[in-house]
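Reader: Could you take me through a close look at one part of this model, and then show me how that part sits in the rest of the chain?

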Amino acid sequence: MRFIGLHKDLELREIQVNFLTEVISKCKNQKEIQSLVENIISASELAYISQRLHIIKLVLDDKTYPEIKNTTGTTSGTINTTKILMKSMNRRVLAQIAQCKFKDKPRKKNKVQPGKKHLAEAHYPGAIKTD
């Protein structure tokens, strides 16, 4: 299958979108959709798609650019592109996204084994504060 960029080959893009949505619609429940997504989408693709959906959610929640940047770690360019793409989205789909809750995973502190230095500490003494 050929890879296409945004709007480079609209006919091929439509075929690919139709195929993907047909496959997803054949799933009987949320569990099957989750299994499909987990098995066919790479970690980087999933991160990209999730980030875009999270940006849409935050825009619909009337968050500002700085709030969206801080929450998602993305750039103003990605936020702007997403807002442009939202203009062509179905309102019902946008309403469904607005109802979803994004559950962010708490960030873990990198723990260093006793007696070992963190890599940054080895190169930049005093860079890491230990408790």
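Author: Gladly! One term comes up at once: two residues are in contact when they have heavy atoms within 4.5 Å of each other. Please keep in mind that this is a predicted model.

Let us look at Arg52, a residue of helix α3, which covers residues 43-60. If we leave aside its neighbours within four places in sequence, Arg52 is in contact with Thr78, Thr81, Thr82 and Leu85. What about the charge of this side chain? Arg52 is buried, and yet it has no salt bridge. A salt bridge would call for a carboxyl oxygen of Asp or Glu within 4 Å of a side-chain nitrogen of the Arg. Here the nearest side chain of opposite charge is that of Glu45, and it is 14 Å away.

Now for the setting. The chain holds seven helices and zero strands, so read from the N terminus its elements run α-α-α-α-α-α-α. Of its 131 residues, 17% are buried, and Arg52 belongs to that buried group.

The accessible surface of the chain is about 11400 Å², and carbon and sulfur atoms provide 55% of that. One nonpolar patch on the surface is formed by Leu20, Ile24 and Ile40, which together have about 240 Å² of accessible area.

Conventions. Residues numbered from 1 in each chain as written. Predicted model: local features only at pLDDT ≥ 70, side-chain atom pairs only at ≥ 80, totals over all residues. Heavy atoms only, no water. Patch = residues over 30% accessible without salt bridge, like charges linked within 9 Å, V, L, I, M, F, W, Y side chains within 5 Å. Areas by Shrake-Rupley, 256 points an atom, 1.4 Å probe, with all protein chains shown as cover. Helix = DSSP H or I, 4+ residues; strand = E, 2+ residues; numbered from the N terminus. Buried < 20%, exposed > 50% of the residue type's maximum accessible area, 1.4 Å probe, protein only. Lys, Arg positive; Asp, Glu negative; His and termini not counted.
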